[in-house]
Amino acid sequence: MSPLLATSLGEPNLTSILFFFAFVSVTMGITWWAARKTKTASEFLTAGGNVTALQNGFALAGDYMSAASFLGIAGLVATSGFDGLIYSVGWLVGWPVVTFLIAEPLRNLGKFTFADV
Amino acid sequence: MTPELSVPAVAATTPSNESTNAVRAVAAMRWRMAIVLSLLMLVTYFAFVLGIAFDKPSLGTLITQGLSVGIVLGAGVILTAFGLTAFYAWWANRVYDPALDQVARGGK
């Protein structure tokens with residue numbers, strides 16, 4: 001076993017805390033601004049159809065290339081080897097299956113959200 | 001209490017058997033494609049999982065330093081997912097949406 005490395009994990013760090021609050025404030029600000037523009041159910045659920053496929057793709061990619069992927073899966077593969085790889089490949093495999101079987105039939109029905117489906 | 005519609009009104013608004021069958025045929029075509037692509041995806045993925053479960057040593061053989069066969073195969077499964085989705089998008093644009101438009105316009 002490798003020797004324990006000195007780490008500052010778990011100790012409060014002012015810069016990190018300030019970054020955290022700044023990030024949350026900016027996110028809340030954007031949410032508040034967007035909420036003022038949302039009027040109809042269609043706008044609420046699917047941005048009134050105004051979000052292009054490319055924009056939505058980027059948003060979904062941002063959702064999933066997050067701490068869960070970079071930290072969680074990296075750690076999983078590091079500790080469990082190939083078994084961890086199953087998880088990182090698996091969620092991405094589920095995406096097309098959901099698209100084919102669930103999202104596409106709903107495409108014509110009207111009220112749905114992309115990320116929910 | 002629902003008011004009763006007259007027979008001519010019901011007949012005028014009920015879709016004909018022919019158009020219903022046409023819609024059903026297009027829907028069935030889409031379901032066939034969706035199921036085939038889903039099965040392809042799942043077979044690829046579970047082949048990968050079974051390979052990991054039963055044959056780790058050969059998956060561990062190194063191609064170059066730091067790169068093993070298993071990682072390449074994992075990337076291959078991900079690329080397969082991309083490819084199947086891209087194929088479905090192409091097929092939907094080329095075949096499915098036109099068929100749907102044609103049925104909506106009242107054709108066969």
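Predicted model: local features only at pLDDT ≥ 70, side-chain atom pairs only at ≥ 80, totals over all residues.
Leu76(A) sits in helix H4 (residues 67-80) of chain A. With a relative accessibility of 29%, Leu76(A) counts as partly exposed, because the partly exposed class lies between under 20% for buried and over 50% for exposed. From Leu76(A) to Tyr87(A) the distance is 11 residues in sequence and 8.6 Å in space, C-alpha to C-alpha.

- Chain A contains 5 helices and 0 strands, and its pattern along the sequence is α-α-α-α-α.
- Chain A has 117 residues, and buried residues make up 17% of them.
- Chain B contains 4 helices and 2 strands.
- The order of elements in chain B, starting from the N terminus, is α-α-α-β-β-α.
- Chain B has 108 residues, of which 23% count as buried.

**A helix pair between the chains**

- Two packed helices are described by the angle between their axes and the distance between the axes.
- Here, helix H5 (residues 82-106) of chain A packs with helix H2 (residues 17-54) of chain B at an angle of about 175°.
- The axes of H5(A) and H2(B) are 10 Å apart.
- H5(A) and H2(B) are therefore roughly antiparallel to each other, since angles over 145 degrees count as roughly antiparallel.
- The contact of H5(A) with H2(B) is made up of 20 nonpolar, 2 polar and 3 charged residues.

**The nonpolar core**

- In soluble globular proteins, nonpolar side chains tend to be buried together.
- In this model, the largest nonpolar core has 28 residues.
- The residues with the most contacts inside this core are Val89(A), Met41(B), Tyr45(B), Val77(B) and Tyr88(B).
- At least two residues of the core come from each of H5 of chain A, H2 of chain B and H4 of chain B.
- H2(B) gives the largest share of the core, 10 residues.

**Aromatic rings**

- Over all chains, the count of aromatic pairs is 6.
- One of the pairs is Phe20(A) with Phe21(A), whose ring centres are 5.5 Å apart.
- The planes of Phe20(A) and Phe21(A) stand at 70°, so the pair is edge-to-face, because planes over 60 degrees apart fall in that class.
- Phe20(A) is exposed, with a relative accessible area of 51%, and the cut-off for exposed is over 50%.
- Another pair is Tyr88(B) with Trp91(B), with ring centres 5.7 Å apart and planes at 40°, so this pair is tilted.
- Both Tyr88(B) and Trp91(B) belong to helix H4 (residues 69-104) of chain B, where they are 3 residues apart, about one turn of the helix.
- Tyr88(B) counts as buried at 4% relative accessibility, and Trp91(B) counts as buried at 8%, because buried means under 20%.
- Phe100(A), Tyr88(B), Trp91(B) and Tyr96(B) are linked into a cluster by ring pairs.

**A charge over a ring**

- Arg30(B) lies over the face of Trp31(B).
- The distance from Arg30(B) to the ring centre of Trp31(B) is 4.8 Å.

Note on methods: Residues numbered from 1 in each chain as written. Chains lettered and ligands numbered in written order. Heavy atoms only, no water. Axes fitted to C-alpha atoms, helices over the stretch in contact; angles between N-to-C directions. Parallel < 35°, antiparallel > 145°, perpendicular 65-115°, else oblique. Nonpolar A, V, L, I, M, F, W, Y, C, P; charged D, E, K, R; others polar. Phe/Tyr/Trp six-rings, centres within 6.5 Å; stacked < 30°, edge-to-face > 60°. Buried < 20%, exposed > 50% of the residue type's maximum accessible area, 1.4 Å probe, protein only. Lys NZ or Arg CZ within 6 Å of the ring centre and 35° of its normal. Core = buried A, V, L, I, M, F, W, Y, C linked by side-chain atoms within 4.5 Å.
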